[in-house]
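Colleague: I am new to this structure and would like to learn how to read it. Could we go through it feature by feature?

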Amino acid sequence: MKDKRMPILVVGSTKGGAGKSTLAANITVARANALGKDGLVLLVDGDEQRTATTFSDIRTEEMEKLVPEKRKPQFHANCLYGASIRSQVRALAPRYKEIIIDCGGRDTGSLRAALTVADTLLIPVQPRSVDIWALDAMVALVKEAREINEDLRAVVVLNAADPAGKDNDDALEYIRAIPELEVLPIIIGRRKAFANATANGMAVTEYQPKDPKAIEELSNLIQALRAPVKVKV
Ligand SMILES: Nc1ncnc2c1ncn2[C@@H]1O[C@H](COP(=O)(O)OP(=O)(O)OP(=O)(O)O)[C@@H](O)[C@H]1O
Ligand SMILES: [Mg+2]
């Protein structure tokens with residue numbers, strides 16, 4: 001067993017709309033809350049669409065409306081693009097416990113740079129054929145990144161999935177056959193709480209009314225990302 005977790009996590013995929021920003025935002029907030037102090041987690045927005053930045057701005061505005069005792073631990077947010085992701089993330093890494101990078105849904109210099117500096121790549125995939133076919137492009141990028149970042153862990157999570165069913169099983173079977181990728185043993189369902197929480201600058205752990213299933217799924221995701229990895233021999 002090798003201890004490889006998620007100090008630098010990139011949430012990436014060349015497929016648009018897979019849920020990268022949603023998961024990046026939820027993981028960032030959940031980790032900031034778990035670590036319990038301001039400024040221990042950095043959210044890097046590597047997408048010119050600036051979804052993660054908008055999320056961070058909304059969150060800051062919402063927090064400022066609260067009395068200081070009620071405010072949650074805050075993360076730092078930074079926009080970085082292209083090769084700067086590699087140089088800046090390396091330079092910033094000693095200052096943070098965890099760094100989460102949200103990349104856009106295309107093959108970009110930002111995604112490629114992030115893959116060279118990350119410990120873990122999380123690829124959200126919706127259990128539909130077009131999304132699954134898009135994994136071929138990610139496998140090529142992972143292989144290339146591993147030439148200089150050989151320990152890069154690349155994991156897939158089914159996102160916005162029905163709670164159970166043939167589509168999930170078919171998707172999992174297909175992905176399990178890809179040797180470069182690890183499939184997390186959990187599923188993130190299609191739940192309004194994820195969309196609503198993110199739109200309000202929150203994680204599902206904070207959003208009211210609480211959705212216990214969404215909270216459990218996010219917690220399972222983080223646990224699976226932080227779990228030690230069995231090294232294949
Ligand atoms: N698990 C989920 N349940 C319900 N809605 C979801 C879930 N994940 C994502 N969504 C919704 O799907 C849409 C796309 O999500 P998101 O913006 O996170 O995708 P993305 O991969 O970051 O897209 P892009 O490639 O444009 O950056 C959003 O409306 C979001 O609220
Ligand atoms: Mg996005």
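Colleague: Is Ile222 buried or exposed?

Modeller: Buried means under 20% relative accessible area, exposed means over 50%, and partly exposed lies in between, with a 1.4 Å probe and protein chains only. Ile222 has a relative accessible area of 10%, so Ile222 is buried. This is a predicted model, in which local features need pLDDT of at least 70 and side-chain atom pairs count only at pLDDT 80 or more, while totals for chains, interfaces and linings use all residues. Residues are numbered from 1 along each chain as its sequence is written, chains are lettered from A and ligands numbered from 1 in the order in which they are written, and side-chain values use heavy atoms, with hydrogens and water left out.

Colleague: Where is Ile222 found, and which residues does Ile222 touch?

Modeller: Helices (H or I, at least four residues) and strands (E, at least two) are DSSP runs, numbered from the N terminus. Ile222 is in helix 9. Contact means heavy atoms within 4.5 Å. Not counting residues up to four places away in sequence, Ile222 touches Ile27, Ala30 and Arg31. Ile222 and Arg31 are 191 residues apart along the chain, and their C-alpha atoms are separated by 8.5 Å.

Colleague: How many helices and strands are there in the chain?

Modeller: The chain has nine helices and seven strands.

Colleague: How does the radius of gyration of the chain agree with that of a compact globule?

Modeller: The radius is taken over C-alpha atoms, and the globule rule is 2.2 Å times the number of residues to the power 0.38. For 233 residues, a compact globule would have a radius of gyration near 17 Å; the chain has 17 Å, which agrees. Along the principal axes, the C-alpha atoms fill a box of roughly 50 × 40 × 35 Å. Buried residues make up 52% of the 233 residues. Of the contacts between residues at least 6 apart in sequence, 79% join residues at least 24 apart.

Colleague: What does the accessible surface of the chain come to?

Modeller: Accessible areas come from the Shrake-Rupley method with a 1.4 Å probe; for residues, only the protein chains shown count as cover. The total for the chain is about 11,200 Å², and 51% of that belongs to carbon and sulfur atoms.

Colleague: How many aromatic pairs does a search of the whole structure find?

Modeller: Rings of Phe, Tyr and Trp (its six-membered ring) pair if their centres lie within 6.5 Å; planes under 30 degrees apart count as stacked, over 60 as edge-to-face and the rest as tilted. The search finds one aromatic pair. The ring centres of Phe55 and Phe75 are 6.3 Å apart and the planes are at 5°, so the pair is stacked. Phe55 is in helix 2 (residues 51-64) and Phe75 is in the loop between helix 2 and strand 3 (76-79), 20 residues apart, and the pair links distant parts of the chain. Both Phe55 and Phe75 are buried.

Colleague: Which residues is Met202 in contact with?

Modeller: Leaving aside neighbours within four places in sequence, Met202 is in contact with Asn26, Phe55, Arg59, Ala197 and Tyr207. Met202 lies in the loop between helix 8 and helix 9. With a relative accessible area of 22%, Met202 is partly exposed. Pro209 lies in that loop, between helix 8 (192-199) and helix 9 (212-226). The peptide bond from Gln208 to Pro209 is cis, with omega near -5°.

Colleague: What is phi of Arg50 near, and what is phi of Ala160 near?

Modeller: Phi is the next thing to read. For Arg50 the value is near 60°, positive in a residue other than glycine. Arg50 lies in the loop between strand 2 (41-46) and helix 2 and is partly exposed, with a relative accessible area of 39%. Phi of Ala160 is near 55°, again positive in a residue other than glycine. Ala160 is found in strand 6 (residues 153-161) and is buried, with a relative accessible area of 14%.

Colleague: Is Leu115 buried or exposed?

Modeller: Leu115 has a relative accessible area of 1%, so Leu115 is buried. Leu115 is found in helix 4 (residues 109-117). Not counting residues up to four places away in sequence, Leu115 touches Val10, Leu121, Leu141, Ala145, Asn149 and Leu152.
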